[in-house]
Amino acid sequence: MVIAVDGPAASGKGTIAKALARHFGLPHMDTGLLYRAVALNLFRFGGDPASEFEATRACDLTSISLDDPELRSEIVGSIASRISAYPAVRERLLDRQRNFAGQAGGAVLDGRDIGTVIAPQADVKLFVTASVEVRARRRVAELLSRGMPAHLEDVVIDLKARDARDSSRVTAPLEEAVDAIHLDTSEMDIDAAISAAIDLAEKRLRDSVDKLNPV
Ligand SMILES: Nc1ncnc2c1ncn2[C@@H]1O[C@H](COP(=O)(O)OP(=O)(O)OP(=O)(O)O)[C@@H](O)[C@H]1O
Ligand SMILES: Nc1ccn([C@@H]2O[C@H](COP(=O)(O)O)[C@@H](O)[C@H]2O)c(=O)n1
């Protein structure tokens with residue numbers, strides 16, 4: 001079984017994807033970390049995010065740990081959102097994501113284009129969203145709890161810019177798959193959002209089985 005979880009920045013899709021993976025006993029991949037790793041690599045060797053050539057060279061991730069706390073910083077997220085628009089960067093990260101989605105037994109992946117490009121065959125697709133103000137408050141709380149500086153107004157501006165870039169790029173933009181289930185978590189705390197996601201996923205799976213075995 002493959003579960004695709006997409007949505008804008010700080011919508012809570014990673015939290016939901018991890019919970020779905022635990023619930024269904026599946027491995028989980030946060031695909032945003034791959035783009036953040038390319039961004040951190042580029043930043044560390046002083047590359048220019050405006051250059052597709054330099055960003056593509058930074059796709060060799062052998063020297064980056066996906067556990068590096070710097071991956072979570074706003075500057076790295078912001079560079080990631082710029083370099084993720086390059087078709088050559090997306091192409092370099094494609095196999096790793098598709099192989100993860102295609103592993104025996106299935107997987108849960110979260111990102112921007114999982115239900116549309118990486119795993120269009122997914123059994124369950126969730127599109128998780130929340131208002132930009134709610135997402136900004138969540139992101140500020142997260143950054144402060146990690147000991148990183150954060151100001152609400154700056155985070156709102158950054159999230160709006162990232163949403164606009166992610167949605168308007170030509171290659172694999174952030175968009176809701178036609179068969180995705182829309183989940184707005186603006187009014188939900190973490191537990192409520194997770195339990196809504198599990199209920200929706202289980203219902204979608206039941207409906208698919210019923211369609212295959214009509215009475
Ligand atoms: N429903 C919720 N209510 C309150 N806080 C939440 C909720 N869902 C997630 N959070 C918190 O908001 C922050 C962002 O959540 P998360 O990392 O899951 O979002 P994301 O969409 O995966 O972000 P990104 O796009 O940056 O990867 C985390 O600190 C998380 O604990
Ligand atoms: N499937 C994906 C995942 C992420 N991106 C880009 O990476 C940036 C960072 O991702 P986070 O989920 O960690 O915030 C994000 O702003 C996207 O631009 C992507 O393009 N496709």
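How many of the residues of strand S4 are buried? Let's start there. The answer is 6 of its 6, so S4 is mostly covered. Before I go on, a reminder that we're looking at a predicted model.

Let me stay with S4 for a moment. Val 124, Leu 126 and Val 128 point one way from the strand, and Lys 125, Phe 127 and Thr 129 point the other way. Every one of those six is buried. For background, side chains in a regular strand alternate between the two faces of the sheet.

Now, who sits beside S4? On one side of the story there's strand S1, residues 2-6, which pairs with S4, residues 124-129, in the parallel sense over 4 bridges. If you want to click on specific residues, Val 5 stands opposite Leu 126, and Asp 6 stands opposite Phe 127. Then there's strand S5, residues 181-184, which also pairs with S4 in the parallel sense, over 4 bridges. There, Val 128 has Leu 183 as its bridge partner.

S1 has another partner too. Strand S3, residues 107-111, pairs with S1 in the parallel sense over 5 bridges. In that pairing, Ile 3 goes with Val 108.

What about burial in S1? We find that 5 of the 5 residues are buried, so the strand is largely enclosed by the rest of the structure. Both of its faces are covered, with Val 2, Ala 4 and Asp 6 on one side and Ile 3 and Val 5 on the other.

Okay, the packing. As a rule, nonpolar side chains in soluble globular proteins tend to be buried together. Here, the largest nonpolar core has 29 residues, and those with the most contacts inside it are Ile 3, Val 5, Ile 16, Leu 20, Leu 109, Leu 126 and Ala 197. The elements that each supply at least two residues of this core are S1, H1, S3, helix H6 (114-118), S4 and H9. H1 gives the largest share, 5 residues. Apart from that core lies another one, of 19 residues, including Leu 42, Ala 58, Ile 64 and Ile 83.

Leaving out residues up to four places away in sequence, Leu 109 touches Ala 4, Met 29, Thr 31, Gln 97, Phe 100, Ala 101, Ile 114, Ile 118 and Ala 119.

On to the ligands. Which residues come nearest to ligand 1? Of the 16 around it, those are Gly 12, Gly 14, Thr 15, Arg 138 and Glu 142. Helix H1 (13-24), helix H7 (132-145) and helix H9 (190-212) each give two or more residues to that shell. H1 gives the most, with 3 residues. By class, the shell around ligand 1 has 5 nonpolar, 7 polar and 4 charged residues.

Ligand 2 is surrounded by 14 residues, and the closest are Gly 32, Tyr 35, Ser 81, Ser 84 and Gly 111. Helix H2 (32-44), helix H4 (74-83) and helix H8 (152-168) each supply at least two residues of the shell. By class, that shell has 3 nonpolar, 6 polar and 5 charged residues.

Most residues other than glycine have a negative phi. Ala 10, though, has a positive phi of about 60 degrees and isn't a glycine. Ala 10 lies in the loop between S1 and H1. Is Ala 10 buried or exposed? It has 23 C-beta neighbours inside 10 Å, so Ala 10 counts as buried.

The other one is Ala 172, where phi is near 50 degrees, again a positive value in a residue other than glycine. Ala 172 lies in the loop between H8 and S5. With 19 other C-beta atoms within 10 Å, Ala 172 is partly exposed, because the cut-off for buried is 20 or more.

Last bit, the annotation. An unreviewed UniProt entry puts "domain: Cytidylate kinase" on residues 3-202. In the model, the end C-alpha atoms of that span lie 11 Å apart, and the span is 52% helix and 11% strand. That's my tour, thanks.

Definitions and conventions. Residues numbered from 1 in each chain as written. Chains lettered and ligands numbered in written order. Predicted model: local features only at pLDDT ≥ 70, side-chain atom pairs only at ≥ 80, totals over all residues. Buried ≥ 20, exposed ≤ 12 C-beta atoms within 10 Å, placed from the backbone. Pairing = 2+ DSSP bridges. UniProt positions renumbered as here; feature names shortened; annotations may be inferred. Near = placed C-beta within 6 Å. Nonpolar A, V, L, I, M, F, W, Y, C, P; charged D, E, K, R; others polar. Core = buried A, V, L, I, M, F, W, Y, C linked by C-beta atoms within 7 Å. Contact = placed C-beta atoms within 7 Å.
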